[in-house]
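The entries follow below the display.

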Amino acid sequence: MEKRELNIDVEARAARAREAFEQGYNCSQAVVVAYADVLGQDADVLASLVQPLGGGMGRLREVCGAVSGMFMVSSAAYQGAPNTDRDARARIYAGVQKLAERYRGECGSIVCRELLGLKQQSDAPVPEERTPEYYKRRPCSEYVALAARMVGEYLNAED
């Protein structure tokens with residue numbers, strides 16, 4: 001199955017993802033919710049499904065949630081392919097690797113703790129309160145917007 005090309009306003013999606021994050025969605029949720037219509041799914045259902053991926057997967061500070069969300073959205077390019085279609089799966093994996101390489105090139109890593117400059121392997125499972133100080137010291141809004149922009153460009157087949 002060939003990749004579907006979509007006509008996505010990537011700047012609008014980046015703004016939508018940033019806004020969702022700043023309204024309290026976690027990093028993964030923000031990216032995925034910004035593309036709910038493209039994925040053909042209810043935004044609340046998607047937000048529930050990807051909630052565990054925030055904070056680098058449950059605040060384990062592993063793969064950045066924005067990156068995980070970007071990977072999930074990238075599969076929209078192959079909607080309609082049977083789940084057992086090895087060729088489609090290989091193309092999806094190639095797309096994930098391409099997006100990861102690009103994100104890593106822009107940000108230096110795809111790992112949450114590295115992006116945030118954290119020393120510890122993981123954090124307590126309780127998310128931090130979203131205060132103005134939180135947003136000042138966390139670059140996550142920018143990472144979310146970047147992931148939303150990159151996946152939109154990928155879906156548009158521009159990169």
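I began with burial, and found that in helix 7 the residues Ala88, Gly95, Leu99, Ala100 and Tyr103 are buried; buried here means under 20% relative accessible area, exposed over 50% and partly exposed in between, with a 1.4 Å probe and protein chains only. Seen down the axis of helix 7, its buried residues fall within an arc of 135°, so they line one face of the helix, the arc being that of the directions from the helix axis to the C-beta atoms. On the other side of helix 7, I noted Arg86, Asp87, Gln97, Glu101 and Gly105 as exposed.

For provenance, I recorded that this is a predicted model, in which local features need pLDDT of at least 70 and side-chain atom pairs count only at pLDDT 80 or more, while totals for chains, interfaces and linings use all residues. Residues are numbered from 1 along each chain as its sequence is written, and side-chain values use heavy atoms, with hydrogens and water left out.

I then looked up the extent of helix 7 (residues 86-107): it has 22 residues and reaches 31 Å from its first C-alpha to its last, close to the 32 Å expected at 1.5 Å a residue, where the expected span is 1.5 Å times one less than the number of residues. Helices are DSSP runs of H or I with at least four residues, numbered from the N terminus. The cover over the buried residues of helix 7 includes helix 6, helix 8 (112-116) and helix 10 (140-155). Just after helix 7, Gly108 takes a positive phi of about 95°.

Next I turned to the rings, where the count comes to 3 aromatic pairs, a pair being rings of Phe, Tyr and Trp (its six-membered ring) with centres within 6.5 Å, and planes under 30 degrees apart counting as stacked, over 60 as edge-to-face and the rest as tilted. The rings of Phe21 and Tyr135 have centres 6.0 Å apart and planes at 85°, so the pair is edge-to-face. Phe21 lies in helix 1 (residues 10-22) and Tyr135 in helix 9 (residues 132-137), so the pair ties together parts that are 114 residues apart in sequence. Tyr134 and Tyr135 also form an edge-to-face pair, at 5.3 Å centre to centre and 90° between the planes. Phe21 is buried at 2% relative accessible area, whereas Tyr135 is partly exposed at 24%.

Methods:
Helices (H or I, at least four residues) and strands (E, at least two) are DSSP runs, numbered from the N terminus. Contact means heavy atoms within 4.5 Å.
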